[in-house]
Amino acid sequence: MQARVALVTGGTGGIGTSIVKRLADMGHKVATNFRDEARGRAWQDKMKAEGIDVALAQGDVSSPEQAEALVREVERQIGPVDILVNNAGITRDSTFHKMSAQQWNDVICTNLNSCFNVTRPVIEGMRERKWGRIVQISSINGQKGQYGQANYAAAKAGMHGFTISLAQENAKFGITVNTVSPGYIGTDMVMAVPEEVRNKIVAQIPTGRLGTPEEIAYAVSFFMPDEAGWITGANLSANGGQYMGW
Ligand code: NDP
């Protein structure tokens, strides 16, 4: 496949790092954002030590202005974005009757509004160049709901609504738009859950284990080749069989 320019938001995190590595292994030029400069540069050095050059641009994806600035900075460093993976995300869990407006807004702004904020500055270029790949990293909990995660599940379900609308609008321009919905992956986000709760989660997964970030990166990579050009508006579940609905 032709080498492309890829932007993975939240690329310094558990799943993001694997997506960055996988896309780089496929021969693409890859960029991500950071919020904390020292942490971002330390991560970039670690990648370099593994032989992977990653362009870095500062920006909080929950801010439209910062998201646009980070896209422009990536374009300046490695060229126009052909592949966008909207991966940055957070949790602020609480049962709804105790949830604050701040917890609701933080999750909606970071997980869902970010899709608008980062995709909007890249979509026109993709349409002009008649090629693009956009993948949202949603979640099993956006498909089935989750106790204590009304904010997160709403944002993650919204990401797929965004995907299927964008897929329709941009199909004629050689742009595919898809969602990957991971189940529980052994990153910091999930390892922070108390062990007894985690054991109960694993008991519900038919494969009998948590997923790995590499398995999610593989699912993302599936949408990249030209041969995948007819697959758009899909929601690819990667969850060890825990949920088999849409
Ligand atoms: P991590 O917490 O390891 O990584 C999250 C990444 O997002 C970090 O790079 C973080 O950067 C970045 N980020 C968070 N908020 C912002 C922001 N406002 N602006 C810019 N960057 C931001 O999470 P995971 O790797 O586990 O998760 C990645 C994605 O996968 C998320 O969308 C998550 O919801 C989803 N997911 C994860 C699952 C799991 O089991 N882990 C299951 C299903 C879905 P910083 O270092 O600056 O905080």
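What you have is a predicted model, where local features need pLDDT of at least 70, side-chain atom pairs count only at pLDDT 80 or more, and totals for chains, interfaces and linings use all residues. Residues are numbered from 1 along each chain as its sequence is written.

Start with the record: an unreviewed UniProt entry lists residues 4-183 as "domain: Ketoreductase" (such annotations may be inferred rather than shown by experiment). In the model, that span is 53% helix and 18% strand, and its end C-alpha atoms lie 28 Å apart. Helices here are DSSP runs (H or I, at least four residues) and strands likewise (E, at least two), numbered from the N terminus.

Now the ligand. There are 28 residues around the ligand, with Gly10, Gly13, Ile15, Gly89 and Thr187 coming nearest; a residue counts if its C-beta atom, placed from the backbone, lies within 6 Å. Helix H1 (14-25) and helix H7 (188-191) each give at least two residues to this shell. By class, the shell has 10 nonpolar, 13 polar and five charged residues, where Ala, Val, Leu, Ile, Met, Phe, Trp, Tyr, Cys and Pro count as nonpolar, Asp, Glu, Lys and Arg as charged, and the others, Gly among them, as polar.

Stay with H1 and look at its partner, helix H9 (residues 213-222): the axes come within 8 Å and cross at roughly 50°. Axes are lines fitted to C-alpha atoms over the stretch in contact, and angles run from 0 to 180 degrees between N-to-C directions. That makes H1 oblique to H9, since angles under 35 degrees count as roughly parallel, over 145 as roughly antiparallel, 65 to 115 as roughly perpendicular and the rest as oblique. Ile15 turns up again here, among the H1 residues that meet H9 (contact: C-beta atoms, placed from the backbone, within 7 Å). The residues of this contact divide into seven nonpolar, four polar and three charged.

Next, H4. Its axis and that of helix H6 (residues 150-170) come within 9 Å and cross at roughly 15°, so H4 is roughly parallel to H6. Trp104, Ile108 and Leu112 are among the H4 residues in this contact, and Tyr152, Met159 and Phe162 are among those of H6.

H4 (residues 101-129) also packs with helix H3 (residues 64-78), at an angle of about 40° and with the axes 9 Å apart. That makes H3 oblique to H4. Pro64, Ala67, Glu68 and Val71 of H3 make the contact with Ser114, Asn117, Val118, Pro121 and Val122 of H4.

How values were computed. Two residues are in contact if their C-beta atoms, placed from the backbone, lie within 7 Å.
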